Amino acid sequence: MKREMTGARMVVQALKDQGVDTVFGYPGGAVLPIYDELFVQNDIRHILVRHEQGAVHAAEGYARSTGRPGVVLVTSGPGATNAVTGITDALMDSIPVVVITGQVPTFMIGSDAFQEADTVGITRPCTKHNWLVKDTDRLAETIHEAFHVATAGRPGPVLVDIPKDVQFATGTYVPPRPSTSHYQPQVKGDPEEITELVAAIETAERPVFYTGGGVINSGPAASQLLRELVDATGFPITSTLMGLGAYPASGPNWLGMLGMHGLYEANMAMHDCDLMIAIGARFDDRITGRIDAFSPNSKKAHIDIDPSSINKVVKTDIPIVGDVAHVLEDILKIWKSRGRKTRAEAVEKWHARIDAWRKIDCLAYRNTEKTIQPQYALQRLEALTRERDRYICTEVGQHQMWAAQFMGFDEPGRLMTSGGLGTMGYGFPASIGVQLAHPEALVINVAGDASWLMNMQEMGTAAQYDLPVKQFILNNERLGMVRQWQELLHGSRYSHSWSESLPDFVKLAEAFGAKGILCDDPADLDDAIKEMIEHDGPVIFDCVVEKHANCFPMIPSGKAHNEMLLGEASTEGAIESGGAVLV
Amino acid sequence: MSALHIKKGSTRHSAYNLRPTFSDVEERHTIAVLVENEPGVLARVIGLFSGRGYNIESLTVAEVDHTGHLSRITIVTTGTPQVIEQIKAQLGRIIPVHEVHDLTVEGPSVERELAMLKVVSTGEKRVEALRLADIFRANVVDSTLSSFIFEITGAPEKIDAFADLMRPLGLAEIARTGVAALLRGE
């Protein structure tokens, strides 16, 4: 079915045919024809954000909580450049996002026209792929290909730049067809390598699963298969920040998150294991600590759909390129057909060792009666929301790590956080995207005061669409993680790491017609959290907490997994000069 | 896919241990990349090398299949085996890249480069330059009473050697195409 229509109408038609129901955007001169087409239809809901960065983060939140690509529509020049942080964030965390940008007309490209920017040039290194469409006849197929590339293989952001004259011109629309693209990533793993991994599973005495965001990106089936494999083998499992929820936090083999602020038992298990099974994780520097001391005596298997992740940082003994769900299915099939063997007795001993590490209780902190400790605030938030249909977003910093430590995620896609890029200002707009995708759910953004201010303009969006997002701000009047590093590394010289002139968050909420709650007394905390949950509308919760709390445990920069700092330990000289250059 | 008879496969296997990957020894590899000839594709390849800090010793590019719009990029690079494997894997991630071949691993291969050298001299030096050019099978493509332009084709080392000889004989300017390479045999 081919039809003649304008480029602008084609954009809207292609989005409809791709099953898009929500677009996050901000109009401007170079996308007006597309906005005109949005105006005359009711199938696609357009959410007007207050800044283009917010549009991309909202689309990321939508994508991560639904598994469907998020869609962004912004104008040329500043519209596109404002989106760059969000696009880079999506690239680092492998989130499928389709960004459509307006561009000055083709005959003005290169003339430094008003609101012209070399959008495909600027976004080339921060997209999975991008296109400048110069011919209306190629527009529809390009948008369909953009959706294919964004979602196939390792997901990521893509961008389609559409000059204004291409939007006005008439061309032939083609509907989506099974992709003829040469880009068809390999999803099945090599059976020989998989069999080698099964043999390693059968003989391992101290195994550990180390899982990441790739399990969640692979879809719900991957999480199910992971649970089956973990529970059938009885092997302990830890996860990166991005992978939390793929295996339930309430599961019997769960160790908690690993890495720089991961749990002691998780990091010790990684260090002392004899078989590490990395699934959809990429050995990020937050995870590995010092590379030459990383899990020195283990055989390492690595399952990843992106061949470039394998052997990038850590040498892999059993590399398996493929989609997590496909590979897990084959592992289970082969392992079962060979008699479901494990060294059960040895694995039990291994669990006993892990239990001893667990007894250290690495998350212990000193609670206080007069001041709310941030850890306590999150424990109460967890206790009071755990049973609900709940989605958590976070900003970036101490609160993010505490949320990962003190909140439990039993399902994939329930934690939205900026892992790779570490984007302060991610959480609030992401929570808007999540709430739009799940209107009945309880959506909470766990924030710090400094991060939250970075995209606070999105209060306008939350208010306009009456989105009951809960902004739970752990307010320590500090850039807490920066302050912590300055304490550990820079002789407690707190250079510019405190928040002067913070707004009155209650009044700020009220200025947007939302509800503001202030709580600074541990005794009032439960009631205040309940009040926040019960309120049907956006809430800013100003949770005034201890100002100098540090996030522990911690692997100091340049140290190994078994050299963690625990909360009570002295931090003096913990990081040597070699580690100080690391971030 | 194309009529170029290039064997598929190196992209798929780039993650596997073809040889010890975590050695400190720097190697020189010639990599052939078959790409869709679309706008910006060269920028993607070059941006990958600069963005991730890889070396480019030589880079050549031209469309080799006009009907299929495929270009062949030949890159000579250096790095530890781990870096070389990363380069190939990262090239394979670029969407318009169809095939990545490490000619050094898949080899043996033939490498050729074309260069033009302008030599300005008179008298004995001029005669010597012409005599050496004959030994190196370089052609004279332009001549005045006081200058020659030689055209020479060969492995990069041969061109280096010729240029070294021409330097004392009045070498004024040199233009090199960079390396083009093909696997030997079928």
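Analyst: Let's begin with a term: two strands count as a pair if DSSP finds at least two bridges between them. Strand S1 (residues 27–36) of chain B and strand S4 (97–102) of chain B meet this, because 5 bridges join them. These two strands run antiparallel. You can find one bridge yourself: Ile31(B) has Asp102(B) in S4(B) as its partner. Please keep in mind that you are looking at a predicted model.

Now step back to the whole sheet around that pair. It is an open sheet of 4 strands in chain B, in the order S2-S3-S1-S4, and the pairing is antiparallel. Strand S2 (58–65) and strand S4 (97–102) of chain B are the edge strands, each pairing on one side only. From one strand to the next, the twist averages 20 degrees. In general, the strands of a sheet pair through backbone hydrogen bonds, and this can happen in a parallel or an antiparallel way.

Is Val64(B) buried, partly exposed or exposed? A residue is buried with 20 or more other C-beta atoms within 10 Å of its own and exposed with 12 or fewer; Val64(B) has 17, so Val64(B) is partly exposed. Between the C-alpha atoms of Val64(B) and Thr74(B), which are 10 residues apart along the chain, the separation is 12 Å.

Chain B also meets chain A: 21 residues of chain B are in contact with 18 residues of chain A. On the chain B side, helix H2 (41–51) and helix H3 (81–93) of chain B are the elements giving two or more residues. The largest share, 7 residues, comes from H3(B). By kind, that side of chain B has 7 nonpolar, 10 polar and 4 charged residues.

Crossing to chain A, you can compare another sheet. There, 6 strands form an open sheet in the order S16-S15-S17-S18-S20-S19, and the pairing is parallel. Strand S16 (415–416) and strand S19 (515–519) of chain A are its edges, each pairing on one side only. Inside it, strand S18 (residues 470–475) and strand S20 (residues 539–544) of chain A run parallel and are joined by 6 bridges. In one of these, Gln471(A) has Ile540(A) of S20(A) as its partner. Helix H22 (residues 525–534) of chain A packs on this sheet, touching S17, S18, S19 and S20 of chain A, and its direction makes about 170 degrees with that of S19(A).

Another parallel pair in chain A is strand S6 (residues 129–132) with strand S7 (residues 157–163), joined by 4 bridges.

Our last stop is a helix, H8 (residues 191–203) of chain A. At 1.5 Å a residue, its 13 residues should span 18 Å, and the end C-alpha atoms are 19 Å apart, which agrees. Its buried residues include Glu193(A), Ile194(A) and Leu197(A), together with Val198(A) and Ile201(A). Seen down the axis of H8(A), the buried residues fall within an arc of 145 degrees, so they line one face of the helix. Among the elements covering them are strand S9 (207–211), helix H10 (220–233) and helix H13 (324–337) of chain A.

Terms used: Residues are numbered from 1 along each chain as its sequence is written. Chains are lettered from A and ligands numbered from 1 in the order in which they are written. This is a predicted model: local features need pLDDT of at least 70, side-chain atom pairs count only at pLDDT 80 or more; totals for chains, interfaces and linings use all residues. The expected span of a helix is 1.5 Å times one less than its number of residues. The arc is that of the directions from the helix axis to the C-beta atoms. Two residues are in contact if their C-beta atoms, placed from the backbone, lie within 7 Å. Ala, Val, Leu, Ile, Met, Phe, Trp, Tyr, Cys and Pro count as nonpolar, Asp, Glu, Lys and Arg as charged, and the others, Gly among them, as polar. Axes are lines fitted to C-alpha atoms, for helices over the stretch in contact, and angles run from 0 to 180 degrees between N-to-C directions.
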